Amino acid sequence: MEDIVLVTADSVRRDYADALESLSDLPVQTGVTGSHYTRPSLASLLSANYRGAITTEVVSPTIAEVLSEAGYTCLGYAPTPNTDARFGFDRGFDDFETFVEPGNRGSKLRQYLGSIDALRWIYYKIYPPQAKSENRPRDREVIERAIDEFNDAEPPRFLWVHLMETHRPYGVGDDAMSKELDQKAFFKPEQLTDEEEAAIEGKYRDAVRRADDDVAHLLAEIDSDPIFAFTSDHGEGFGEDGFYFHQGHKRSVADFQTKVPVLFDGIDAEGPMSLLDIPPTLVESVGVDAPTSWHGTNLLEADSEYAVTIAPWHDTATVAWRDYEKTFVARDADVSFEEGDTRADVERADVDQKLEEQLQDLGYMDAG
């Protein structure tokens, strides 16, 4: 059976796919995310199940569990606390790493301020929600680890890598957006000058280009010509709805937040599609049966008919249903999902203080 490589890069909008220059020979399809920020989106993607978006946790069977059962060695590298094993992201992987160090934490004060809506803006002002990039490896380091482990692993192999430097502040050191510009965009986006808006988008586009370089390096250095897929967990706002970045509490399901690029190599599949269509398409492409519990469509056999985006935050969610021509949106609703005897409801995730503080350091104020 052929190897499979899936790369996801944080916060890459569909309309910035032209920055993926090394992948320009591959057709760019439009994908619709299962949710509006990293954890529920990736949980629904790896699970091919909308319950992952509702509960913001991975649901079995995952793509790694399915491929592991078929004899694959499964490797996963995602440098963010959003993919912590406590949310089930390690299920099915023989080697899984988030690279989150104990020092990448906030304080009890930060946790307290982040938990109260009325104090949200005070918190953001005192503690700018920049990604603590100095406490996690550079994407190229993650890629090098993935290359080494992949080449040492017994085939057939499944590799998932999530790249984080496309996440705000779009890099490290001089590559990153300044805290001053970040704060102005967050608090007073209407006061941004044309030059400042261009500077933010320039930093973002540069970050997407670096991710593209990292993907090219990965594919050049592994000892395989794998089935390959690239996509993103969600998009990014640049003032379209009056706000910048991806602010989970806004529960945005706008196109700039939910439409992302999808690129395949070794699979002839066309979009538009839900990201939940990616797992069944990948496993069926190597002759493995997709579980009947998965909600995605095998694009090798049929076109995707619809996509659902669920944007949860605490006990409510905004839900968008699309048939790729029209969209129905239910805002700030009490959402539940029933399938057979299984029921899933939107609710705040129960995580320990250390992990919640790590999530807050990434800008997820109410880490649920």
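Is Arg 138 buried, partly exposed or exposed? Arg 138 is partly exposed, because its relative accessible area is 30%, where buried means under 20%, exposed over 50% and partly exposed in between (1.4 Å probe, protein chains only). The model is predicted: local features need pLDDT of at least 70, side-chain atom pairs count only at pLDDT 80 or more, and totals for chains, interfaces and linings use all residues. Residues are numbered from 1 along each chain as its sequence is written, and side-chain values use heavy atoms, with hydrogens and water left out.

**Sheet**

- Eight strands make up an open sheet of mixed pairing, in the order S4-S3-S5-S1-S6-S9-S2-S10. Strands (E, at least two residues) and helices (H or I, at least four) are DSSP runs numbered from the N terminus, and two strands pair if DSSP finds at least two bridges between them.
- At the edges are strand S4 (95-97) and strand S10 (273-274), each of which pairs on one side only.
- Strand S1 (residues 4-9) and strand S6 (residues 227-232) run parallel and are joined by six bridges. Leu 6 stands opposite Ala 229 in S6.
- S2 runs antiparallel to S9, with five bridges between them. Val 260 in S9 is the bridge partner of Gly 31.
- S2 runs parallel to S10, to which two bridges join it. Val 32 has Ser 274 in S10 opposite.

**Helices against the sheet**

- Helix H1 (residues 38-47) lies across S1, strand S5 (157-163) and S6, and runs at about 165 degrees to S5. Axes are lines fitted to C-alpha atoms, for helices over the stretch in contact, and angles run from 0 to 180 degrees between N-to-C directions.
- Helix H6 (residues 139-152) also packs on the sheet, where it touches S1, strand S3 (73-77), S4 and S5. The direction of H6 makes about 175 degrees with that of S5.
- Helix H10 (residues 278-285) is largely enclosed by the rest of the structure, because six of its eight residues are buried. These buried residues are Ile 278, Pro 279, Pro 280, Thr 281, Leu 282 and Val 283.
- The buried residues of H10 pack against S1, H1, helix H3 (63-69), S6, strand S9 (259-265) and S10, with contact meaning heavy atoms within 4.5 Å.
- Gly 287 follows H10 and has a positive phi, near 85 degrees.

**Salt bridges**

- The count comes to 18 salt bridges, each being a side-chain nitrogen of Lys or Arg within 4 Å of a carboxyl oxygen of Asp or Glu.
- Arg 209 and Glu 21 form a salt bridge of 3.7 Å, N to O. This pair links distant parts of the chain, 188 residues apart: Arg 209 is in helix H8 (residues 194-221), and Glu 21 is in the loop between S1 and strand S2 (28-32). Arg 209 counts as partly exposed, at 31% relative accessibility.
- Arg 145 forms a salt bridge with Asp 95, and the closest N and O atoms are 3.3 Å apart. Arg 145 lies in helix H6 and Asp 95 in strand S4, so the pair ties together parts that are 50 residues apart in sequence. Arg 145 is partly exposed, with 25% relative accessibility.
- Arg 138 and Glu 165 meet in a salt bridge of 2.7 Å, N to O. Arg 138 is in the loop between helix H5 (120-126) and H6, and Glu 165 is in the loop between S5 and helix H7 (179-187), 27 residues apart. Glu 165 is buried, with a relative accessible area of 8%.
- A network of salt bridges links Asp 3, Arg 157 and Asp 223.

**Backbone in the loops**

- The loop between H6 and S5 holds Pro 156, and the peptide bond from Pro 155 to Pro 156 is cis, with omega near -5 degrees.
- The loop between S5 and H7 holds Pro 169, and the peptide bond from Arg 168 to Pro 169 is cis, with omega near 15 degrees.
- Tyr 170 is also found in the loop between S5 and H7. Tyr 170 has a positive phi, near 70 degrees, in a residue other than glycine, and is buried, with a relative accessible area of 0%.
- Ser 11, in the loop between S1 and S2, has a positive phi near 65 degrees. Ser 11 is buried, with a relative accessible area of 0%.
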